[in-house]
Protein chains: 2
Amino acid sequence: MEFKISKEFVKELEQLIQNKDDQQLEVLLNDLHHADVAEILDELDFDEATYIFKVLDSEKTAEILLELEDDLRENILSRLSAKEIAEELDELDTDDAADIIAELSQSMKQEVISELIDVEHAKDIVDLLRYDEDTAGGLMGKELVKVNENWNVLTCVKEMRAQAENVSRVHSIYVVDDENRLKGRLSLKDLLTTSTKTHISEIYINKVTFVNVDAEDVEVARIMQKYDLEAIPVVDAMGRLVGRITIDDIVDVIRDEAEKDYQLAAGITQDIEASDSILELTKARLPWLLIGMIIEIVASFVLKGNEGVFQKYSTLIIFVPLLSATAGNIGVQASAIVVQGLANGSLKEFSRSYFSKEIGVAMISGSIISLLLLGYHSIMYQQYLVGLAISISMAVVILFAATLGTLVPLFLHKNKIDPAIATGPFITTANDIFGIIIYFGVAKMILGY
Amino acid sequence: MEFKISKEFVKELEQLIQNKDDQQLEVLLNDLHHADVAEILDELDFDEATYIFKVLDSEKTAEILLELEDDLRENILSRLSAKEIAEELDELDTDDAADIIAELSQSMKQEVISELIDVEHAKDIVDLLRYDEDTAGGLMGKELVKVNENWNVLTCVKEMRAQAENVSRVHSIYVVDDENRLKGRLSLKDLLTTSTKTHISEIYINKVTFVNVDAEDVEVARIMQKYDLEAIPVVDAMGRLVGRITIDDIVDVIRDEAEKDYQLAAGITQDIEASDSILELTKARLPWLLIGMIIEIVASFVLKGNEGVFQKYSTLIIFVPLLSATAGNIGVQASAIVVQGLANGSLKEFSRSYFSKEIGVAMISGSIISLLLLGYHSIMYQQYLVGLAISISMAVVILFAATLGTLVPLFLHKNKIDPAIATGPFITTANDIFGIIIYFGVAKMILGY
């Protein structure tokens, strides 16, 4: 079951805040999961949310801080002293603490770090801050359970009980050598069912999937999904175990990536949500609208240049929308398949066989569409030469759109740019402009004007 | 590290298959993870893949079967007898076994079920087959560890060791009453660190997030991501514990949902991949191309109807592409935000405040774009009245496109249709046709022809 926020509940909270009834607020909120409290705080205004935040105790508020929407968290952090922030961070796992510190200003970062009580914890956090946020290093936490390959089961279990106190989820116990290099793993089940004098080296599994500290976050997600892992160890260039990534962080990566790709495909330039303000939404959407407008003004020139034929071959002009729409659709389809193929690994890089396949699809679709168009035009308007010109240019435009839609994302990907930019308004607008140029070019050739 | 398939390796395997060198094949493949072997088999042709499948031993092949691409799995299953399939299924967890049986024909299903050796296992699988594949029931497996609330820790641990043999991943131990109703949960850590005489009822956590057997798969995914869960218990209408869903299945749900939405936004009607054949790719893409074509033929009628003005007001026609493109872009942006909002829960249903926000964005963007257009037209072509007509219709079209882009997904969602259909070619084409009608309508009113 899930806790559902109701309007009445929110009103009740607002009332309690006004009356400064801290005790009742605690009663209502202390038993809720931190993710639910965060959802509630997101529904209140900043002042009310901050008030409640200060009322609840520190063990809970740290986790709540993580789940808040970015702007509310930023607001609350700006109202806390370095010492207060450090108190929150002392309660969090290293990867979460690092994520929050990374959002602070440079000077604030330093202050907060100096206020951290647990020195080991502080060292770990500082370590993690070195990594890019889109890499395994940026996702990992230092909390993990590891044992030396030379120990026996008894020593292992003792060490484990000590280490496991700080580790919220224990999946595998990692086995390292004297230089801390990752050698393998053990499962809790194995440990519990083996006699205590046995040496670890006899029972551990020496095959363990790991990632390098520089691996891209989406790459880590792909590997964890492929092997159905719930946690994956992270090693540095020397093979030493430096951290661990858990599946909950990867689920967030997968969702965020999907949302980002989807927004790029819709021509939205920043990460926005339905709950953002009118100004933020407009700011994120205007760029592509204006870019599209400018490119289509070029289209207006091409049309102006051909205006002599509007009278003579009037059907030429009335099929321009059909042409643009078809070119746009084909381009978007082609690029979507490439982008997805690159994302899930089924398409490696420029693949001649895939490109020929796409040309094949374009030729079949193009032939069908052109023939239907020719048939339709001949029946409706006769003017068979014009109909032929229109159909042939349609076929050429379709081939062109499919080619562009396939090559552009591959080109972007090769140059380390997110290929998802190539889907959406970018491709539809580019195909519009090239389509119109090709259309009138081919028509001119065939009709000879 | 991840196993990487190289062309040479594949060639080597093909050679060994030709020479029927079963022993060497086993040597090369037996140590690989089943996900890697599945990837390799996907690179071979059907006959070669089936050959290797029969060479490897059954414990491994069952897991490999799960990871294969749909068409290869279908092919291999069609070549196995009911008894052979049942042998594979005896090795799998109930949820995976149920997924595979569901793919078989009705008669084959019955045969295979009758050949299953483990009767308990068979009963569980048959149970699971009752549920829709897009629900919690369709995702869950029967493997879980549960204890009665009236037991003490000693009994618990004994029971656990017995049950845990069949459970590959133990996260929480579920606590049920005498009627098998879910009461709470225990962690392994808690069990190991509590004295054996303690009663379970004193130590278990009575707050446990669960889902109903009918819950939608994307809803389960949302809840598990929100609460950072790695497994979630599933209950029936009476609150009885009937199964468990693990995070790896949810990760697949999230990815599949993202891929599906993305493909819908690109106007692709079936689940296809870069590796599919030309015919499959064409079949999935042609529908929307043809639908788009038919709708744009309607657009050609509107244009034909207005062809009298092409000569007199030539600038009217040259801005039609700009109009369509802008209307399309705005519509796609609007619908993408709504679809995402509905998916991640930040937008509940039709929300008057959100709709007003969208109208606000449309009005601001519309004003900016119309004014820019008016300025540009006045400078380039003078004909100020025509310029005014164009700008005003542009503003109206933008407002209309934003409204359509917002309302259509909400309407689809309310009627239990996937709102993601509303993004992509559906919205761009609809906006094209309405845009052109509105455009000439407004122009006609202002210019009075």
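In chain A of this predicted model, three strands form an open sheet with mixed pairing, ordered E4-E5-E6. Strands E4 (211-212) and E6 (241-246) of chain A take the edge positions with a single partner strand each, so one side of each has no neighbour in the sheet. Strands here, like helices, are DSSP runs numbered from the N terminus (E, at least two residues, for strands; H or I, at least four, for helices), and two strands pair if DSSP finds at least two bridges between them. Five bridges join strand E5 (residues 231-235) of chain A to E6(A) in the antiparallel sense, and Val234(A) faces Gly243(A) of E6(A). Across E4, E5 and E6 of chain A lies helix H15 (residues 217-226) of chain A, which runs at about 135° to E5(A). For such angles, axes are lines fitted to C-alpha atoms, for helices over the stretch in contact, and the values run from 0 to 180 degrees between N-to-C directions; contact means heavy atoms within 4.5 Å.

Chain B also has an open sheet of three strands, in the order E4-E5-E6 and with mixed pairing. Two bridges pair E4(B) with strand E5 (residues 231-235) of chain B in the parallel sense; Asn212(B) has Val235(B) in E5(B) as its bridge partner.

Another pairing in chain A is that of strand E2 (residues 172-176) with strand E3 (residues 182-187), antiparallel over five bridges. Ile173(A) stands opposite Leu186(A) of E3(A). The hairpin of E2(A) and E3(A) has five residues between the strands, and Asn180(A) there takes a positive phi near 70°.

Turning to the two copies, chain A superposes on chain B by a rotation of 180° with 0.0 Å of shift along its axis (RMSD 0.1 Å).

Over all chains, the structure holds 34 salt bridges, each defined as a side-chain nitrogen of Lys or Arg within 4 Å of a carboxyl oxygen of Asp or Glu. One of them links Lys226(A) to Glu39(B), with the closest N and O atoms 3.0 Å apart. Lys226(A) belongs to helix H15 of chain A and Glu39(B) to helix H3 (residues 34-43) of chain B, so the pair joins two chains.

Residues are numbered from 1 along each chain as its sequence is written, while chains are lettered from A and ligands numbered from 1 in the order in which they are written. Local features need pLDDT of at least 70, side-chain atom pairs count only at pLDDT 80 or more, and totals for chains, interfaces and linings use all residues, with side-chain values based on heavy atoms and with hydrogens and water left out.

Definitions and conventions: Least-squares fit on C-alpha atoms with pLDDT ≥ 70 in both.
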